[in-house]
Amino acid sequence: MKIYFTRHGETKWNKLGIIQGQLDSPLTEDGIQMAKDLHAMSKDIHFDKVYSSDLGRAYDTCKLICPDQEIIKTKLLREIDVGNWSGKTLAQVQEEFRDLHKMYFETPSSYKRDDGESIYDLENRVKKFFEEAIYPEKKDTILVVTHGVTIVSMFNIMENVSVDNFWTNRVRRNGFFNIASYKNGKFTILQKAPKNPVDSI
């Protein structure tokens, strides 16, 4: 099995430095072009199945990459739910929620909140997607369109990285393919997209 997975195209809130979480904002013109570029890049690849987060920015990206294919939308691929951090800038979160923000990045295994998900919650959700779509190990080539922190979790599952070291894999840039293979119960990372230039939540 070969897995192509990408973060959605740039959104309005990405451009403004606003945290989205499970809220949403539309793709920018650059974000739309990113998706079109991925479509052109993958025109010779046959995707046996196409999966997308059900959040609009991911699904809209996916439709532009694979306009003629059935898309399987799933909540399992949503971005981490960061509760009332959504709609705020990173600077606002650092100022208003200093201790929780520090815990999120420095001791992620201790991070939890009543109005959203812990890192463990995210990882369990992504593992469930793997159990449904990847671990059956068919000889498929699949596409997954999802989100920045969700992709961190995907890499950590593939590379057996603990939640304590969650941020060993950084958030990747919008609109680039990450590629992995899965054979005989083992993942091989073939390509990682460039790292996001700034911290992302």
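A residue counts as buried when its relative accessible area is under 20%, as exposed when over 50%, and as partly exposed in between (1.4 Å probe, protein chains only). By that rule Asn169 is buried, because its relative accessibility is 2%. The model is predicted, so local features need pLDDT of at least 70 and side-chain atom pairs count only at pLDDT 80 or more, while totals for chains, interfaces and linings use all residues. Residues are numbered from 1 along each chain as its sequence is written, and side-chain values use heavy atoms, leaving out hydrogens and water.

**Around Asn169**

- Asn169 sits in the loop between helix H7 (148-158) and strand E5 (177-183); helices (H or I, at least four residues) and strands (E, at least two) are DSSP runs, numbered from the N terminus.
- Leaving aside residues up to four places away in sequence, Asn169 touches Val152, Phe155, Asn156, Glu159, Val161 and Lys192, where contact means heavy atoms within 4.5 Å.
- The Asn169 side chain makes polar contacts with the side chains of Glu159 (2.9 Å) and Lys192 (2.7 Å).
- A polar contact is a pair of N or O atoms within 3.5 Å; within protein, one must be able to donate a hydrogen and the other to accept it, and residues adjacent in sequence count only if both atoms are side-chain atoms.

**The sheet**

- Six strands form an open sheet with mixed pairing, in the order E3-E2-E4-E1-E5-E6; two strands pair if DSSP finds at least two bridges between them.
- Strand E3 (72-74) and strand E6 (186-191) are the edge strands, each pairing on one side only.
- Strand E2 (residues 49-53) runs parallel to E3, joined by three bridges, and Ser53 has Thr74 in E3 as its bridge partner.
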